[in-house]
Amino acid sequence: MTTPGPLDALYARVTAPAAPAVPLARRERRRASQDLPNLPAAGLEWSPGEVAAVLFEAAADEMAVPVPTTDTLYAAFLASLAELGTGGVAEVADTFSGLDQAEFPEVGACRRFAYRLALSFWYAGARSRPMTVGEAAAALYLSDTYRHHQVDAVTVRRAPLLVSRAIRQGATLVPVETLIRLGSAMAREFAAPVTAGRDWLYRQALPDWHRRRFCFDLMRADTCQPSPLIVRLDGGGYAVGATPPAGPDGTWRRALREQW
C-alpha cells in the first residue's frame, strides 16, 4: 500500500479549476507554418514584423520604463494602426525590416513588444504570458529533475530540453493558481529580501532553501531554458500552455513580476 506523500493533503486543500470546454490545443491562433501567431486587430491579422513596425511608428519604445502592461501596448498598436491605415502599414513594415537594432535600440524594444503581444494572443478566448522567474523556478523545484541542488550548473545548461520538460512536469503537479502563488513568494524571497515570502503554502511545498535558491538562480540567469506559457482563460481559471519559440534575441527572458 502506498503511503500518501507529505504534500498530498496540502494540495488537496486547493481546488483545481475545471478543465476548459475547448482544449487549449484547439484554441491556438498560430498556423502550422508560423513560429508565432498573428495579432488580430481591425478585422485583420498582423504579423509580428508588422506589429513591431506599427509600434515603432507609435514610439512604443518610450514606454519601456516603467514596463507597460500588455493592454497598454495593444492600445498603442491600435491607435497607430488607425492612423497609418492598411497601406501605411505595408510601407512602414518594409522600411522597418531593414533597420538594425544594434544601431537603433528602439527597434529591438519594438520587436520585443511585438513578441510579447503575439504570446498574449496565442490562444482564442484567453490571454497568456511567459512564466515569471519565480514560477519557472517553483515548477523546476517540484519536478523530479536535479533533486540534488549541488549539481553542476554547466551540466544543466547543456540540457535545455531536459530542464524544459522538468518545468512542464513540475507545473502540472499543482493547480496553476498555486504555481503563481508559489512563484510570487519565491520572487519576494530572493529578489526582494526585505519583503521575504512568508506564505505558509510556500514554506510547506518548497521546504529546501538550497534547492529553492538553486532553481531561482538558474531560471533568472539562464535565459536559454525554454518554459511554457501561463494562460488566463476568459471564462475564468488558468492553464499551462504551449512552450513558445525564443524571443527576438534568441532567448526566453523571464520577468520577476507577472506581465499581463
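1. **Ground rules.** This is a predicted model, in which local features need pLDDT of at least 70 and side-chain atom pairs count only at pLDDT 80 or more, while totals for chains, interfaces and linings use all residues. Residues are numbered from 1 along each chain as its sequence is written, and side-chain values use heavy atoms, with hydrogens and water left out.

2. **The chain overall.** You will find ten helices and five strands in the chain; these are DSSP runs numbered from the N terminus, with helices being H or I of at least four residues and strands E of at least two. Of its 260 residues, 45% count as buried, meaning under 20% relative accessible area with a 1.4 Å probe and protein chains only (exposed is over 50%, partly exposed in between). Among the contacts with a separation of 6 or more, 73% come from residues 24 or more positions apart; contact here means heavy atoms within 4.5 Å.

3. Three strands form an open sheet in the order 3-4-5, with antiparallel pairing. Two strands pair if DSSP finds at least two bridges between them. Strand 3 (126–130) and strand 5 (238–240) are the edges, each pairing on one side only. From one strand to the next, the twist averages 25°.

4. **Bridges to look at.** Strand 3 and strand 4 are joined by five bridges, and strand 4 (residues 229–233) and strand 5 by three. Val 231 is a handy landmark: Ser 128 stands opposite Val 231 of strand 4, and Ala 239 in strand 5 is the bridge partner of Val 231.

5. **What covers the sheet.** Helix 4 (residues 105–120) packs on the sheet and touches strand 3 and strand 4, its direction making about 135° with that of strand 3. Angles run from 0 to 180 degrees between N-to-C directions, and axes are lines fitted to C-alpha atoms, for helices over the stretch in contact. Helix 8 (residues 176–191) lies across strand 3, strand 4 and strand 5, at about 80° to strand 5. Is strand 3 enclosed or open? Four of its five residues are buried, so strand 3 is largely enclosed by the rest of the structure.

6. **Helix 3 with helix 4.** Helix 3 (residues 70–97) packs with helix 4 at an angle of about 115°, their axes 12 Å apart. The residues in contact include Leu 73, Tyr 74 and Phe 96 of helix 3 and Val 107, Cys 110 and Phe 113 of helix 4.

7. **Val 107.** This residue of helix 4 has 0% relative accessibility, so Val 107 counts as buried. Not counting residues up to four places away in sequence, Val 107 touches Phe 56, Phe 96, Leu 99 and Gln 101. Ala 53 is 54 residues away from Val 107 along the chain, yet their C-alpha atoms are separated by 8.4 Å.

8. **Helix 5 with helix 10.** The axes of helix 5 (residues 133–142) and helix 10 (residues 209–221) come within 8 Å and cross at roughly 130°. That makes helix 5 oblique to helix 10; angles under 35 degrees count as roughly parallel, over 145 as roughly antiparallel, 65 to 115 as roughly perpendicular and the rest as oblique. Among the residues making the contact are Ala 136, Ala 137 and Leu 140 of helix 5 and Cys 215, Phe 216 and Met 219 of helix 10.
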